[in-house]
2 protein chains.
Amino acid sequence: LSGGGDAETVRRITPVILCGGSGARLWPLSRKARPKQMLPLFEGRTMLQLTTERIADRNLFNAPVVVTAAAQADDAAAQVGADAMLIVEPCGRSTAPALALAALAADPDTLLLVMPSDHLIADSTRFRECVRSAIAAAEQGMLVTFGVRPTRPETGFGYIRRGEALGNGLFRAARFIEKPHAVGAAALLAEGGYDWNAGIFLFRADAYLAALAEHAPDILKQVEIAVETPAMEARFAPSATAFAQVRAESIDRAVMERASNVAVIPIDVGWSDVGSWEALYAASPRDEAGNCLSGPVEALAAAGCLIRSEGPQVVAIGVENLAIIATGDAILIVPLDQSQRVGEAVTRLATGAPSLV
Amino acid sequence: LSGGGDAETVRRITPVILCGGSGARLWPLSRKARPKQMLPLFEGRTMLQLTTERIADRNLFNAPVVVTAAAQADDAAAQVGADAMLIVEPCGRSTAPALALAALAADPDTLLLVMPSDHLIADSTRFRECVRSAIAAAEQGMLVTFGVRPTRPETGFGYIRRGEALGNGLFRAARFIEKPHAVGAAALLAEGGYDWNAGIFLFRADAYLAALAEHAPDILKQVEIAVETPAMEARFAPSATAFAQVRAESIDRAVMERASNVAVIPIDVGWSDVGSWEALYAASPRDEAGNCLSGPVEALAAAGCLIRSEGPQVVAIGVENLAIIATGDAILIVPLDQSQRVGEAVTRLATGAPSLV
């Protein structure tokens with residue numbers, strides 16, 4: 001494999017931003033109707049906006065394709081720029097069908113850079129350099145994944161085993177491992193040679209569709225049916241009834257775990273999925289007391305805290321290492337190192353106070 | 001001194017409930033416009049209601065006199081019962097003038113039982129027995145104070161030194177000590193023989209007025225001017241201009257520290273001034289995890305916490321020994337054992353967000 005060349009000579013890439021997810025892990029800020037990528041978490045900017053800015057260089061990237069859900073389509077459209085193409089999914093069927101929509105909408109030899117809309121990448125410049133490094137392999141038909149060096153025995157991500165070196169910083173992906181249990185995660189970390197699967201990919205549209213045809217032909221076929229008579233406008237809209245019959249499956253399970261032409265390029269770009277209040281705290285600037293404060297917050301002798309309010313006055317005295325998150329109708333208080341338990345509490349609330357979820 | 005006799009034969013007592021105070025120590029529930037005694041802190045009941053219920057036995061007590069401020073008069077009237085007499089102070093001048101108003105409004109030989117409206121007494125029956133024990137001394141012209149056995153080196157209360165035993169559980173009050181510093185409080189506790197001054201008194205109206213005439217004649221004279229032409233209705237209302245010229249002084253400094261006919265009766269009745277969130281927690285029932293929860297609160301692996309919400313959903317995960325108090329516009333989070341620092345934070349807020357104080 002050879003290098004990708006400079007901005008003048010490289011082939012332009014079409015970013016595909018996956019913006020359909022919703023989660024409870026940043027409750028009470030995140031809600032079903034306002035998922036994580038739509039929250040102004042970083043000095044008033046959302047992760048969808050930051051993702052869009054990351055691929056704003058039109059020397060390297062074409063206007064993005066944004067795959068989103070109907071409920072989020074207007075919000076997403078307002079944030080991604082007028083030149084973006086929106087694909088509105090009638091229902092969520094996970095990432096393999098979503099990317100089939102994007103690949104079918106693109107020219108076959110287009111390079112697609114797949115990115116979740118709710119991840120943070122601190123060093124965008126370095127990220128773009130990594131993308132350039134992967135271009136040649138993708139051009140040649142490889143499915144390239146971007147791997148993040150594990151820093152803890154995380155059970156919330158999949159892992160990728162690095163195989164034979166392919167040059168230019170890439171390795172053959174020897175094995176995909178689904179989210180492990182704690183013991184398994186610790187073993188992978190101890191063994192070394194694994195990267196977190198961050199859900200970022202670079203491949204030719206036709207290479208992805210070929211892999212799908214080989215490893216999950218039912219998905220490809222049903223997505224093709226759903227787009228046979230779409231309204232081919234700015235918002236590419238597959239048939240709701242046909243798309244509902246697509247098997248819901250992630251790209252990892254449908255393709256990456258099965259295909260042989262998969263490469264991984266380890267990246268060190270300040271990546272975070274901001275999957276908990278602790279992760280947001282880690283990714284945010286802090287004051288001299290180690291606090292990250294936002295909104296009407298008065299902190300007295302508090303240290304190491306993430307405190308955010310969207311309205312109510314918060315007064316925190318003498319507390320340490322807490323996340324305190326206040327909205328107009330709900331308040332969360334949890335030690336930062338237990339913030340992965342928020343989901344449990346939200347599940348409980350879903351029964352008693354569904355309007356708050 | 002002889003005993004007070006039983007309910008049939010004892011002289012009936014007129015309770016005087018002092019309901020003019022306001023404080024910041026139970027912020028954000030307590031506000032300038034909603035002082036501590038007006039808060040439904042105990043299963044929906046306010047301390048003013050509990051105080052009124054404590055003297056509801058009309059065999060022992062007459063209908064109460066409630067001395068209050070104009071801003072609180074309507075709220076107070078609604079809580080104390082239709083037979084109460086309200087005295088509305090045009091402005092606050094501390095307790096010595098407030099009690100002069102009550103004493104001037106009463107028949108000279110009436111026994112007045114003075115009680116703050118924002119204290120908790122868990123054992124009302126025992127309290128009434130103590131009141132009965134003090135009747136004979138008060139009849140004979142003594143100014144009787146009720147003393148609470150100190151359980152910690154509290155710097156927020158005055159102390160009373162017990163002198164010569166007078167029989168019937170009473171002692172001559174040898175000395176009044178104003179709120180001490182921490183070192184002084186510890187010394188008093190170590191020395192023994194002191195009780196906290198709880199601001200509860202029993203005396204004849206004329207005995208108090210005589211003591212005032214002797215030790216603070218200016219106060220008595222100016223209060224008499226203020227009531228010369230009052231509107232003697234259910235709400236006894238002194239002249240605003242004249243009352244404003246009364247020297248503001250506590251009964252302790254104006255009379256009790258100076259008079260020689262002062263007795264103290266130590267009482268053990270589950271008294272608390274509920275002067276902090278920690279004190280409220282101590283006075284409240286707890287669940288098996290040691291939590292005291294009120295309002296829409298979801299606690300997950302929380303222990304030893306006082307959590308109250310007046311509206312917003314609170315979710316607390318994995319926290320211990322915290323006070324978490326939420327209203328519609330403000331939230332406090334503080335370790336229970338640091339809850340005496342709330343005043344500092346409120347002082348700060350008074351500058352930046354005066355509407356929240």
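In which helix of chain B is Gln222(B) found? Gln222(B) is found in helix α7, residues 217–226 of chain B, helices being DSSP runs of H or I with at least four residues and strands DSSP runs of E with at least two, numbered from the N terminus.

The model shown in these views is predicted, so that local features are given only at pLDDT of at least 70 and side-chain atom pairs only at pLDDT 80 or more, while totals for chains, interfaces and linings use all residues. Residues are numbered from 1 along each chain as its sequence is written, chains are lettered from A and ligands numbered from 1 in the order in which they are written, and side-chain values use heavy atoms, with hydrogens and water left out.

View 1. Gln222(B) counts as buried because its relative accessibility is 15%, where buried means under 20% relative accessible area, exposed over 50%, and partly exposed in between (1.4 Å probe, protein chains only). When residues up to four places away in sequence are not counted, Gln222(B) touches Ala242(B), Gln245(B) and Val246(B), contact meaning heavy atoms within 4.5 Å.

**View 2. Ser339(A) in the loop between β18 and α11 of chain A.** The loop that holds Ser339(A) runs between strand β18 (330–335) and helix α11 (342–352), and Ser339(A), at 2% relative accessibility, counts as buried. Its side chain reaches the backbone oxygen of Leu336(A) at 2.8 Å. Leaving aside neighbours within four places in sequence, Ser339(A) is in contact with Ser276(A), Trp277(A), Glu278(A) and Val334(A).

**View 3. Helix α3 of chain A, a mostly covered element.** Of the eleven residues of helix α3 (residues 95–105) of chain A, eight are buried. The buried residues in α3(A) are Ala96(A), Pro97(A), Ala98(A), Leu99(A), Ala100(A), Leu101(A), Ala102(A) and Ala103(A).

**View 4. The rotation that relates chain B to chain A.** Two copies of a chain are related by a rotation about an axis and a shift along it. Here a rotation of 180° with 0.2 Å of shift along its axis superposes chain B on chain A, with an RMSD of 0.1 Å, the copies being superposed by least squares on the C-alpha atoms of residues with pLDDT of at least 70 in both. The two copies are thus related as by a two-fold rotation axis. Among the residues of chain B, Gly328(B) comes closest to the rotation axis, its C-alpha lying at 3.8 Å.

**View 5. The interface between chain B and chain A.** In this interface 32 residues of chain B are in contact with 32 residues of chain A, and because 100% of the interface residues of chain B are also interface residues in chain A, the copies meet through the same surface. The two chains bury about 2,600 Å² between them, 68% of it on carbon and sulfur atoms, buried area being the accessible area (1.4 Å probe) that two parts lose on being put together, summed over both. On the side of chain B, Ile317(B), Ile331(B) and Ile333(B) lose the most area to chain A, together 25% of what that side buries.

View 6. Glu298(B) forms a salt bridge with Arg348(A), in which the closest N and O atoms are 2.8 Å apart.

**View 7. Salt bridges within chain B.** Glu53(B) forms a salt bridge with Arg45(B), the closest N and O atoms being 2.3 Å apart; Glu53(B) is partly exposed, with a relative accessible area of 38%, and Arg45(B) is partly exposed at 33%. The side chains of Glu129(B) and Arg126(B) also meet in a salt bridge (3.0 Å, N to O), and both residues lie in helix α4 (residues 124–139) of chain B, three residues apart, about one turn of the helix.

Key. A polar contact is a pair of N or O atoms within 3.5 Å; within protein, one must be able to donate a hydrogen and the other to accept it, and residues adjacent in sequence count only if both atoms are side-chain atoms. A salt bridge is a side-chain nitrogen of Lys or Arg within 4 Å of a carboxyl oxygen of Asp or Glu.
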